[in-house]
Every structure is written in structure tokens, then in C-alpha cells.
Amino acid sequence: MDIADHLARRILVLDGAMGTMVQRLGLDEAAFRGQRLVDHPSSLQGNNDLLVLTRPEAILGVHRDYLAAGADILETSTFNANRYSQADYGLEHLAYEMNVAGARLARQAAAEFSTPDRPRWVAGVLGPLNKTASISPKVDDPGHRDVTFVDLVEAYDEALRGLLDGGADLLLVETIFDTLNAKAALFAIDRHFERTGARVPIMI
């Protein structure tokens, strides 16, 4: 049975917040950097999405905790794993890799807890980005935009390809503060489905 079949039979439980769980770990700057980014020029502490690359065991532990607590669906730790949000840290070039790694970690944890009667699923998270397509960031210039719809579509396309390549079972467009941003995400998803001929469920 696929996830739709299970949803028709029972309530499926989504996991909880990743950020608060990561904060409980008390990781410092060195922990966020890991060995890979020890010489990176800007601060990386607080970039939780980076931990899928530099501290994968920490993220895997959070996933396992949620599964042990009864979660059926794991969200990937990729809320800000896009080139615009990661540009704040100078890590936009790692966006695709972060999404692949985030999906693989959730997939690993889900596989550990899955049974024939109760499989677990991975929801690939596409966060809202830190740019808005609907509102000008300049109060004196309402027509100004820092990003175009096409820019957003390409950023979402890069992220969703990483999530699917990493093994996500479905896609979750979440925390919608700008419906035009969400539309760009959905457009990117639909375009990807048409291009590849493969589809997965979508949550919004």
C-alpha cells in the first residue's frame, strides 16, 4: 500500500519541529562547521540545515526520537536548504547537496523503524525562502523586487531535485508567508513531474 492507502485507513502522525530539537543539543560554532568547513570565512552557527552535512548523526538522532515517539512521517531538515537562504552564510553552492543529504538521513531513520504493517515516510521540506515575490523590501519603492518568479522557480527546482534524489516519498511546501512564493514552489514541482514523468504526493 502507498501512503494514500494508509491515509484512507488511519491517521498518520507528522513529526515535530526540528529547530527546537537542534537547539537542545547546544552545538557551538565548531560543531556547525565540522571538519569540512573549518576555514569558512563567515559564522555558521544557527544554520541548522548545514548539520545534515557536518553533523549528520545529530539530525539522525532527532529523526529517531520522533519515530520512537510515534511519528509516521519524517520531515527532512531542509527548511532553509535553498540557494537564497544559504547565501546568508556563503553556502548557496551546497543547496542541492544539503537536500540530498537531508532526505537520505530521514530515509535511513524511516527504514530503521518501518515494518510491513507500519511503514514510515519521508516528507521533503521546501521552506519559504528568505525572499518575497509579492512585497517590495524598500518602503519608498513599492515596485522593487529582490527576486523574480523565475528565480524562485529555479531555486525550488534545485532543492526539490535534491530531495527526490535523496529518497523523499512526498514533498511538503511549508510555512507559507507569501502565496506567490508557494506558487513558484508548486510550479517548479509540477514542471519537474512533467519533465520526469514521475510524481509523488504533495503536502502544503
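Biologist: Where does E92 lie?
Modeller: E92 sits in a loop of this predicted model. Helices here are DSSP runs of H or I with at least four residues, and strands are runs of E with at least two, both numbered from the N terminus.

Biologist: Is E92 buried, partly exposed or exposed?
Modeller: Its relative accessibility is 29%. Buried means under 20% relative accessible area, exposed over 50%, partly exposed in between (1.4 Å probe, protein chains only). E92 therefore counts as partly exposed.

Biologist: Which residues does E92 touch?
Modeller: Contact means heavy atoms within 4.5 Å. Leave out residues up to four places away in sequence, and E92 touches R83, Q86 and A87.

Biologist: What distance separates the C-alpha atoms of E92 and A81?
Modeller: E92 and A81 are 11 residues apart along the chain.

Biologist: Which residues does N82 touch beyond four places in sequence?
Modeller: One is A95, which is also among the α7 residues that meet α8. Taken together, the residues touched by N82 are A95 and L129.

Biologist: What is the phi of L129?
Modeller: L129 is in the loop between β2 (121–126) and α8, and at 5% relative accessibility it counts as buried. Most residues other than glycine have a negative phi. L129 has a positive phi, near 70°.

Biologist: And what is the phi of T175?
Modeller: T175 lies in the loop between β3 (170–173) and α9. It is partly exposed, with a relative accessible area of 45%. Its phi is also positive, near 55°.

Biologist: How is α7 oriented to α8, parallel or antiparallel?
Modeller: Axes are lines fitted to C-alpha atoms over the stretch in contact, with angles from 0 to 180 degrees between N-to-C directions. The axes of α7 (residues 95–113) and α8 (residues 149–165) come within 7 Å and cross at roughly 30°. Angles under 35 degrees count as roughly parallel, over 145 as roughly antiparallel, 65 to 115 as roughly perpendicular and the rest as oblique. That makes α7 and α8 roughly parallel.

Biologist: What is the orientation of α8 and α9 to each other?
Modeller: Helix α9 spans residues 179–196, and its axis comes within 8 Å of that of α8. The two axes cross at roughly 55°. The pair is therefore oblique.

Biologist: Which residues of α7 meet α8?
Modeller: On the α8 side, the partners include E158, A159 and G162. On the α7 side, they are A95, Y96, N99, V100 and A103.

Definitions and conventions
Residues are numbered from 1 along each chain as its sequence is written. This is a predicted model: local features need pLDDT of at least 70, side-chain atom pairs count only at pLDDT 80 or more; totals for chains, interfaces and linings use all residues. Side-chain values use heavy atoms; hydrogens and water are left out.
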